[in-house]
Amino acid sequence: MSIERVKAYFKKYGMEENIQEFEVSSATVELAAKALHCAPQRIAKTLSFMVDDHAMLVVTAGDAKIDNHKYKAQFGTKAKMLSPEEAEQLVGHAVGGVCPFAVNEGVTVYLDVSLKRFETVFPACGSSNSAIELTIPKLEQHSGYTEWVDVCKGYEA
């Protein structure tokens with residue numbers, strides 16, 4: 001189970017107790033916000049894409065949407081999301097629990113600037129009923145991100 005991989009990852013940093021598991025689903029931004037009693041935009045959703053025959057992740061704010069023009073300018077290709085089967089196989093987490101922690105080798109992680117307006121955000125932890133609250137510096141540290149990108153639209157700055 002991928003939540004076990006994420007727990008093992010955070011255990012190395014003494015943070016596994018910070019992972020929250022819910023009795024209800026947190027598989028969508030709306031469900032996660034309800035489970036966490038927070039604003040939907042503070043949910044750090046992790047979107048999975050295929051670029052040059054390898055999987056990559058973009059972590060965005062819950063209210064942000066991919067801007068196809070910005071995405072193509074950044075990555076040189078159209079945004080092609082992974083299917084649920086591809087996400088689980090290539091990233092290592094099932095849709096609803098995709099997160100930037102304990103991912104398969106070779107998966108590149110990017111953080112979208114839509115997250116920078118918050119002190120803390122809530123990414124999933126490998127299952128459809130989990131999350132962890134992290135500061136932006138902790139998200140940077142634990143996501144293994146490559147760089148910050150600006151590939152979204154539709155959020156309040």
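Me: With which residue do the side chains of Glu133 meet in a salt bridge?
Reply: The model is a predicted one. In it, the N to O distance of the salt bridge is 3.2 Å. The residue that meets Glu133 is Arg42.

Me: Where in the chain do Glu133 and Arg42 lie, and how many residues apart are they?
Reply: Glu133 is in the loop between strand S7 (130–131) and strand S8 (134–135). Arg42 is in the loop between helix H2 (29–36) and strand S2 (43–51). The pair links distant parts of the chain, and the separation is 91 residues.

Me: Is Arg42 buried, partly exposed or exposed?
Reply: Buried means under 20% relative accessible area and exposed means over 50%, with partly exposed in between. The relative accessibility of Arg42 is 23%, so Arg42 counts as partly exposed.

Me: How many salt bridges does a search of the whole structure find?
Reply: One of them joins Lys7 and Glu21, at 2.7 Å from N to O. Another joins Asp63 and Arg117. For the whole structure, the search finds 4.

Me: Which parts does the pair of Lys7 and Glu21 tie together, and how many residues apart are they in sequence?
Reply: The side chains of Lys7 and Glu21 meet in a salt bridge. Lys7 lies in helix H1 (residues 2–11) and Glu21 in strand S1 (residues 20–21). The pair therefore ties together parts whose separation in sequence is 14 residues.

Me: How far apart are the closest N and O atoms of Asp63 and Arg117?
Reply: Asp63 forms a salt bridge with Arg117. Asp63 lies in the loop between strand S3 (54–61) and strand S4 (65–66), and Arg117 in the loop between strand S5 (108–112) and strand S6 (120–123), so the pair ties together parts that are 54 residues apart in sequence. The closest N and O atoms are apart by 2.4 Å.

Me: Within what arc do the buried residues of H2 fall, seen down its axis?
Reply: In H2, the buried residues are Val29, Ala32, Ala33, Ala35 and Leu36. Seen down the axis, they line one face of the helix, because they fall within an arc of 165°.

Me: Which residues are exposed on the other side of H2?
Reply: An α-helix has 3.6 residues a turn, so residues three or four places apart point the same way. The buried residues of H2 pack against S1, S2, S6 and S7. On the other side of H2, the exposed residues are Glu30 and Lys34.

Me: What is the order of the strands in the open sheet?
Reply: The sheet is made of 6 strands, and the pairing is mixed. S8 and S9 stand at the edges, each with a single partner strand, so one side of each is left without a neighbour in the sheet. Within the sheet, S2 and S6 pair in the parallel sense over 2 bridges. The order is S8-S6-S2-S3-S5-S9.

Me: In S9, what is the bridge partner of Tyr110?
Reply: S3 and S5 pair in the parallel sense over 4 bridges. S5 is also joined by 3 bridges to strand S9 (residues 147–149), and these two run parallel. In S9, the bridge partner of Tyr110 is Glu147.

Me: Why does Ser143 count as buried?
Reply: Ser143 is in helix H5 (residues 136–143). Leaving aside neighbours within four places in sequence, Ser143 is in contact with Pro100, Phe101, Val109 and Leu111. Buried means under 20% relative accessible area. Ser143 counts as buried because its relative accessibility is 5%.

Me: How far is the backbone oxygen of Leu139 from a polar atom of the side chain of Ser143?
Reply: The side chain of Ser143 has a polar atom 3.3 Å from the backbone nitrogen of Tyr145. For the backbone oxygen of Leu139, the distance to a polar atom of that side chain is 2.8 Å.

Technical notes. Residues numbered from 1 in each chain as written. Predicted model: local features only at pLDDT ≥ 70, side-chain atom pairs only at ≥ 80, totals over all residues. Heavy atoms only, no water. Buried < 20%, exposed > 50% of the residue type's maximum accessible area, 1.4 Å probe, protein only. Polar contact = N/O pair within 3.5 Å; in protein donor to acceptor, adjacent residues only side chain to side chain. Contact = heavy atoms within 4.5 Å. Arc of directions from axis to C-beta. Pairing = 2+ DSSP bridges.
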